[in-house]
Amino acid sequence: MPRRPLELLSLGVLAVIVAVCLIAYVAEYIAVDAIPPLILAFFGLWTVVVAGIRAVSPEKYERGAFSTFGWGIMLIAIGGAWFLARINLLYSIALLLIVIGVLAVAAALRLWRR
């Protein structure tokens, strides 16, 4: 069993992110169709923070920090692409391709270095 309850902490952070996005909608800072991509992007940001926590003190039977970081970046990219699709679909496709390419290069260089 892990020493740190990151799952419970992540659930709490997700609840706070949803609440902040709903408050921003009620205050008319964002449109209703912008809520899901913002939640996804902000939770991706939190996943990157969790990757940093795992890099500092890894545990034996949990996902590696690089993998968690990659998933966080992908969540941010998907949320950002979803948000950008409201403006121009080509921008969102370009964002996804750039992020996938950068993650592939980072993974290849990481394996090459070993």
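This is a predicted model: local features need pLDDT of at least 70, side-chain atom pairs count only at pLDDT 80 or more; totals for chains, interfaces and linings use all residues.
## Overall fold

The chain has four helices and zero strands. Read along the sequence, the pattern is α-α-α-α. The helices include H1 (6-26) and H4 (89-113), as well as H2 (residues 35-56) and H3 (residues 65-84).

The C-alpha atoms fill a box of roughly 45 × 35 × 15 Å along the principal axes. The chain has 114 residues, and 28% of them are buried. Among contacts with a separation of 6 or more, 59% join residues 24 or more positions apart.

## H1 against H2

The axes of H1 and H2 come within 10 Å. They cross at roughly 150°. That angle is over 145°, so H1 counts as roughly antiparallel to H2. The crossing is right-handed.

H1 contributes Leu-6, Leu-9, Ser-10, Val-13, Leu-14, Ile-17, Val-18, Cys-21, Leu-22 and Tyr-25 to the contact. From H2 come Ile-35, Leu-38, Ile-39, Phe-42, Phe-43, Trp-46, Val-50, Ile-53 and Arg-54. By class, the residues of this contact are 17 nonpolar, one polar and one charged.

## H2 against H3

The axes of H2 and H3 come within 7 Å and cross at roughly 165°. H2 is therefore roughly antiparallel to H3. This crossing is left-handed.

The contact of H2 with H3 involves 19 nonpolar residues, six polar and one charged.

## The salt bridge

The count of salt bridges comes to one. It joins the side chains of Asp-33 and Arg-86, at 3.7 Å from N to O. The cut-off is 4 Å between a side-chain nitrogen of Lys or Arg and a carboxyl oxygen of Asp or Glu, so the pair qualifies. Side chains of opposite charge can pair when their charged atoms come close.

The pair links distant parts of the chain. Asp-33 sits in the loop between H1 and H2. Arg-86 sits in the loop between H3 and H4. The two are 53 residues apart.

## Exposure of the pair

Key
Residues are numbered from 1 along each chain as its sequence is written. Side-chain values use heavy atoms; hydrogens and water are left out. Axes are lines fitted to C-alpha atoms, for helices over the stretch in contact, and angles run from 0 to 180 degrees between N-to-C directions. Angles under 35 degrees count as roughly parallel, over 145 as roughly antiparallel, 65 to 115 as roughly perpendicular and the rest as oblique. A crossing is left-handed if the near helix is turned anticlockwise from the far one by less than a right angle, and right-handed if clockwise. Ala, Val, Leu, Ile, Met, Phe, Trp, Tyr, Cys and Pro count as nonpolar, Asp, Glu, Lys and Arg as charged, and the others, Gly among them, as polar. Buried means under 20% relative accessible area, exposed over 50%, partly exposed in between (1.4 Å probe, protein chains only). Contact means heavy atoms within 4.5 Å.
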